Amino acid sequence: MNSRLQHLLEHWANDRFTEAERRELIDMLQSASTEQEIIPALEDMWEKIQDEGLFSEAQQQTMIKNILDRYPGREFPDKETGKGMHVSHRNWSIRKWSWAVASSVALITGVGIYYLYHKKQAETPAGVAQSVTKGQQGKSSVLLTLSDGSQVLLDTLKNGRITLQGGTVAKVTNGIFEYERTGSEARYNTISTPKGKQFQLRLSDGTSVWLNAESSIKYPVVFTGKERLISVTGEVYMEVAQNPSIPFRVAVSGGTSVEVLGTSFNVNAYNNEQSVRTTLLDGAVRVAMKGAAGKLLKPGQQALTTAGNRPVQVLDNVNAVSVVAWKNGVFDFDDVPLEEAMRQLARWYDIEVIYQQTIPKVQLGGTIKRSLPLADVLYFLSNVGLHYKLEGNRTLIILP
């Protein structure tokens, strides 16, 4: 076997990749001259990974699912017959397809590195949540802040229940946070996400909420009174439970308000964006701004609101699927200016983007999975002519 290929694969398996080696391996794996060497080399590497117990069976299955998601309907030649066989979620098994999985992992080395890194992280037992103690900043955790100011790290709660103040009981089921017992007192809780993480919750009225990175929602544990009022920052997607007798209203940072009439919609209200963008997918919403008349949206429309008593601007025929791609784990950069794309990447990968000179006038295209490591995303962007350097893993400098 090619000794250089063997060397790179060993570095990959031991998580000792340099950036130059990562790119070299990707280039080598895409080269036809090494095609015949790849499969046996990766078979050996995959067996080594399994023998040394680097991945649990659950991690292996998750890895395979991610690969099959990336290569749907792919034909792999059967190891024994050589004939093409279709691999899907319904018919794979770890042992039968281990060599195919290994080769696919190498083709998207970021997935392999992700698991090699995260295998080292200890999991918190199910049903146990950690409170934030003095000295814990929680900068990389999803935080639940209770009305008395105490905080809980929701990342540490796997499937299970926790008891909160006033006898309130909450639970996490398959990654969704919701209240099981709320009582009658209208206590306000806040959930906030850091850079690089999303979170999903269900309010007491059945409304489902998805929080994008660096976002927050403040809401009553139980809705009382004549309206359901919440406030949000950052970006959220909501599917509001219908109850015409109790209107649902969203107060957005910057003075925008959204009256919901039973609907699905997205609000992008990051403070480094030029305007608050409210996009309607289904139903109806009325978007208003302090000092300006409100506008009723139809599905496929987007309202732009800015500070300064400016009128609400409505855009027609907006690509709503692209707007909510983040909820499905995707960056949709179809016809997106470079500067806007960089703001999204900065929030997700927790980096600072600096332009050495003027901002390049580049319109991007296509989609990228948010599960990829930053290095792979930047490698793809370099193919559209982007020049950059990364300093200290946290500062991305865009070169002219």
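Q: How many residues does the protein chain have, and what share of them is buried?
A: Buried residues account for 45% of the 400 residues in the protein chain. The word buried stands for under 20% relative accessible area, exposed for over 50%, and partly exposed for values in between, with a 1.4 Å probe and protein chains only. This is a predicted model, in which local features need pLDDT of at least 70 and side-chain atom pairs count only at pLDDT 80 or more, while totals for chains, interfaces and linings use all residues. Residues are numbered from 1 along each chain as its sequence is written, and side-chain values use heavy atoms, leaving out hydrogens and water.

Q: In which strand is Gln-302 found?
A: Gln-302 is in strand 20, residues 302-305. Strands are DSSP runs of E with at least two residues, and helices are runs of H or I with at least four, numbered from the N terminus. The protein chain has nine helices and 28 strands.

Q: What makes the pair Gln-302 and Thr-279 a polar contact?
A: Their side chains come to 2.8 Å. A polar contact is a pair of N or O atoms within 3.5 Å; within protein, one must be able to donate a hydrogen and the other to accept it, and residues adjacent in sequence count only if both atoms are side-chain atoms. The pair is therefore listed as a polar contact.

Q: Which residues are in contact with Gln-302, leaving aside neighbours within four places in sequence?
A: Among them are Arg-277, Thr-278, Leu-297 and Val-323. Contact means heavy atoms within 4.5 Å.

Q: How do you know that strand 27 and strand 28 pair?
A: Two strands pair if DSSP finds at least two bridges between them. Strand 27 and strand 28 (residues 395-399) have five bridges, in the antiparallel sense, so they pair. One of the partners in strand 28 is Leu-396, bridged to Leu-390.

Q: What joins strand 4 to strand 9?
A: Three bridges join strand 4 (residues 143-145) to strand 9, and the two run antiparallel. Within strand 9, Ile-191 is the bridge partner of Leu-144.
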